[in-house]
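I am opening a notebook on a structure that is new to me. The entries below record what I looked up, topic by topic.

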Amino acid sequence: MSEANRSKREQHAAVLRAAPSARRTPRPRTQFAAAATVALAIAALAVVGNLSSRPAPPPATLAGAAQVTTLLQGIPQHGHSLGRADAPLTLAVYVDPQCPYCAVWDTRTMPTIVDRYVRPGRLKIEFRGLAFLGADSLRGLRALQAAGLQNRLFQTEMLLYANQGTENSGWLSERFVAQLAASFPTIDAARFAADRSGSAVDTAIATAQAQADAAGLNGTPSLYLGASGGPLEKLDLQALDPSGTTPAIDAALKAAS
Amino acid sequence: MIRRRLNACSLTWPLIAAGIAICLLTLNERSAGSLACPTSGCRIVQSSAYAHIFGLPLALAGLVGLLALGGLLSVKGYIGRVVSAGLAAGSALFALYLIGLQLFVIGAVCAWCTANDTIAVALALLLCYRLVAGRNDP
């Protein structure tokens with residue numbers, strides 16, 4: 001009995017002696033599982049890191065950019081002025097980017113005026129942008145004036161009106177402004193972004209507002225027509241289609257000649 | 001004898017991969033022509049939207065990974081074997097993902113990148129074999 005006990009004790013001591021090294025090395029299955037976990041974690045982290053490093057896609061362009069570009073192709077544009085500098089007549093246009101009537105006038109009448117009077121050099125248009133319909137109007141106006149610093153104000157304005165949404169519904173967002181600039185490859189997007197908050201834009205907006213205050217403006221769109229360099233008279237805008245504007249321009253041209 | 005060879009391979013291949021990664025980084029920095037790239041797709045792949053990981057060039061991240069692997073290979077015992085095999089296997093999975101991107105998403109193949117990816121897969125097989133072979137070692 002005691003012999004058997006001694007033998008068991010010796011076996012137990014042998015197991016205890018072997019135990020520390022057995023405890024140090026985990027079972028093969030545990031080692032493989034640990035390696036697989038490390039591998040999957042590293043692979044997943046790497047794929048996530050790779051996908052998250054992709055640059056953001058460029059903003060999509062807005063519909064109608066090609067038509068606007070074609071319409072204004074070859075017409076001189078300088079700052080907030082469209083048409084030849086020596087055109088006999090000047091049409092000053094007061095608009096707000098969110099004003100729905102401005103959009104109607106712009107989309108229906110501007111193409112006719114551009115083709116009939118601006119392209120032949122008989123009229124130049126001066127943009128006098130206002131922002132009185134809310135913060136989004138100011139965002140849009142700053143974008144238009146920034147485009148003007150690159151002599152791209154009028155295509156930007158026409159594209160904005162062609163894609164106008166409901167007043168103060170959030171359509172004139174930062175994304176929309178980015179899309180507006182991205183729609184014209186000739187606009188330097190980085191410069192456009194910097195100019196939007198620049199002092200030149202502040203000055204342009206303040207100047208237009210001062211002109212509107214001096215004229216006693218009470219709504220948009222408001223048009224002022226007259227001989228270039230002389231005083232401009234307010235047009236009584238009876239219709240937002242070309243029939244509301246072209247007769248006055250024809251009469252002024254006849255009087256000038 | 002076999003273990004010594006395994007260890008030699010484990011150290012040699014990362015060195016080759018590191019050399020290629022340095023070449024790729026140089027290619028990335030300088031405007032290398034088609035002569036430097038046998039498949040003429042290196043610049044396309046290197047300038048693609050998938051050429052970075054956490055903002056770093058992939059080749060630089062690969063170098064960091066190889067340095068880590070080198071460090072792990074010098075760690076004795078099962079922890080070194082397990083973690084190095086895990087790192088190598090994870091890198092190999094990522095390398096397969098990158099090969100897939102080249103073939104099916106980017107539509108261009110960068111020979112140097114593919115060489116590095118192949119080494120990553122081979123290294124993973126080697127280190128997994130090393131793990132299996134030494135599974136009962138302390």
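Are Trp171(A) and Phe176(A) buried or exposed? I looked them up, and both Trp171(A) and Phe176(A) are buried, where buried means under 20% relative accessible area, exposed over 50% and partly exposed in between, with a 1.4 Å probe and protein chains only.

Ground rules. I am working with a predicted model, in which local features need pLDDT of at least 70, side-chain atom pairs count only at pLDDT 80 or more, and totals for chains, interfaces and linings use all residues. Residues are numbered from 1 along each chain as its sequence is written, chains are lettered from A and ligands numbered from 1 in the order in which they are written, and side-chain values use heavy atoms, with hydrogens and water left out.

Aromatic pairs. I searched all chains and found four aromatic pairs. Rings of Phe, Tyr and Trp (its six-membered ring) pair if their centres lie within 6.5 Å; planes under 30 degrees apart are stacked, over 60 edge-to-face, and the rest tilted. One of the pairs is Tyr94(A) with Tyr224(A), which is edge-to-face, with 5.5 Å from centre to centre and 80 degrees between the planes. This pair links distant parts of the chain, 130 residues apart: Tyr94(A) sits in strand β3 (residues 89-95) of chain A and Tyr224(A) in strand β5 (residues 222-227) of chain A. Helices (H or I, at least four residues) and strands (E, at least two) are DSSP runs, numbered from the N terminus. Tyr94(A) is buried at a relative accessible area of 1%, and Tyr224(A) is buried at 9%. I then returned to Trp171(A) and Phe176(A): their ring centres are 5.0 Å apart and their planes lie at 85 degrees, so this pair is edge-to-face.

Disulfides. I looked for cysteine sulfur atoms within 2.5 Å of each other, which is the cut-off for a disulfide. The whole structure has two over all chains.
- In chain A, Cys99(A) is joined to Cys102(A), S to S 2.4 Å. The torsion about their S-S bond is about 90 degrees, so the disulfide is right-handed. Cys99(A) is buried at 3% relative accessibility, and Cys102(A) is buried at 0%.
- In chain B, Cys110(B) and Cys113(B) form a disulfide with their sulfur atoms 2.4 Å apart. Here the S-S torsion is about 70 degrees, so this disulfide is right-handed. Both Cys110(B) and Cys113(B) are buried.

I also checked Cys128(B), which counts as partly exposed because its relative accessibility is 31%.

Cavity. How many cavities of 30 Å³ or more are there? I count one. The largest cavity holds about 30 Å³ of space. Its lining includes Val93(A), Trp105(A), Met110(A), Phe127(A) and Glu157(A). Helices α4 (100-118) and α6 (153-162) and strand β4 (123-129) of chain A each supply at least two lining residues.

Thr246(A). Where is Thr246(A) placed? I find Thr246(A) in helix α10 (residues 246-256) of chain A. Thr246(A) counts as buried because its relative accessibility is 7%. With neighbours within four places in sequence left aside, Thr246(A) is in contact (heavy atoms within 4.5 Å) with Thr112(A), Arg116(A) and Tyr117(A).

Terms used:
On a 1 Å grid over the protein atoms alone, a cavity is a set of points where a 1.4 Å probe fits but cannot get out, and a pocket is an open set with protein on both sides within 12 Å along at least five of seven lines; lining residues have an atom within 4 Å of a point. Grid points are joined across faces, edges and corners, and a volume is the space filled by probe spheres set on the points.
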